[in-house]
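This report covers a single model, residue by residue and then as a whole. The sequence and structure are shown first.

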Amino acid sequence: MGEMALARLHTGEGTIDDALTTLRELAADAEKRHWINWALESRLALWQLLAEKHDPSAQSVLDALKTEAKVHGFKRILQLIDRRAS
């Protein structure tokens, strides 16, 4: 969780691209371990950074995140997405 928070804040000497890489790696690792909640949290942070950066890939990350959150019943993730969109 701490690593995710630091990546989300992209603090330290790393760049935003380093933070994006870290979040992608955290999501992939969590998914391999079947830690769906951590995978979704990592993807949420990834989407937020991509959106802030106005990266065109933000929409595909968002679409996949919403689909997976719905499938697994993660209403909190969906609510955070909706709040961010308004």
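His34 is exposed, because its relative accessible area is 66%; by the cut-offs used, exposed means over 50% relative accessible area, buried under 20% and partly exposed in between, with a 1.4 Å probe and protein chains only. The model is predicted: local features need pLDDT of at least 70, side-chain atom pairs count only at pLDDT 80 or more, and totals for chains, interfaces and linings use all residues. Residues are numbered from 1 along each chain as its sequence is written, and side-chain values use heavy atoms, with hydrogens and water left out.

His34 sits in the loop between helix H2 (16–32) and H3. Helices (H or I, at least four residues) and strands (E, at least two) are DSSP runs numbered from the N terminus. The phi of His34 is near 65°, a positive value in a residue other than glycine. His54 also has a positive phi, about 60°, and is not a glycine. The loop between H3 and H4 holds His54, and this residue is exposed, with a relative accessible area of 71%.

**Overall make-up and confidence**

The protein chain has five helices and zero strands, so that the order of elements from the N terminus on reads α-α-α-α-α. Of its 86 residues, 33% are buried. Contact means heavy atoms within 4.5 Å. Among contacts between residues at least 6 apart in sequence, 51% join residues at least 24 apart.

pLDDT is the predictor's confidence in each residue, from 0 to 100. The protein chain averages a pLDDT of 87, and 83% of the residues score at least 70. Where pLDDT is low, the predicted coordinates should not be read in detail.

**Helices H3 and H5**

How do the axes of H3 and helix H5 (residues 75–85) cross? They come within 11 Å and cross at roughly 10°. H3 is therefore roughly parallel to H5. Axes here are lines fitted to C-alpha atoms, for helices over the stretch in contact, and angles run from 0 to 180 degrees between N-to-C directions. Angles under 35 degrees count as roughly parallel, over 145 as roughly antiparallel, 65 to 115 as roughly perpendicular and the rest as oblique.

On the H3 side, the contact is made by Leu40, Glu41, Leu44, Trp47, Gln48, Ala51 and Glu52; on the H5 side, by Arg76, Ile77, Leu80, Ile81 and Arg84. By class, the contact of H3 with H5 has seven nonpolar, one polar and four charged residues. Ala, Val, Leu, Ile, Met, Phe, Trp, Tyr, Cys and Pro count as nonpolar, Asp, Glu, Lys and Arg as charged, and the others, Gly among them, as polar.

Arg84, in helix H5, is partly exposed, with a relative accessible area of 33%.

Leu40 is in helix H3 and is buried, because its relative accessible area is 0%. Leaving aside its neighbours within four places in sequence, Leu40 is in contact with Leu65, Glu68, Ala69, Phe74 and Ile77. Leu49 is found in helix H3 (residues 36–52) and counts as buried at 0% relative accessibility.

Glu68 lies in helix H4 (residues 58–72). Is Glu68 buried or exposed? Glu68 counts as buried, because its relative accessibility is 17%. Apart from neighbours within four places in sequence, Glu68 is in contact with Ile36, Leu40 and Arg43. The side chains of Glu68 and Arg43 are joined by a polar contact of 3.4 Å. A polar contact is a pair of N or O atoms within 3.5 Å; within protein, one must be able to donate a hydrogen and the other to accept it, and residues adjacent in sequence count only if both atoms are side-chain atoms.

**C-alpha separations**

| Pair | Separation in sequence | C-alpha to C-alpha distance |
|---|---|---|
| Leu49 and Leu23 | 26 residues | 9.6 Å |
| Leu40 and Lys66 | 26 residues | 9.3 Å |
| Arg84 and Gln48 | 36 residues | 8.7 Å |
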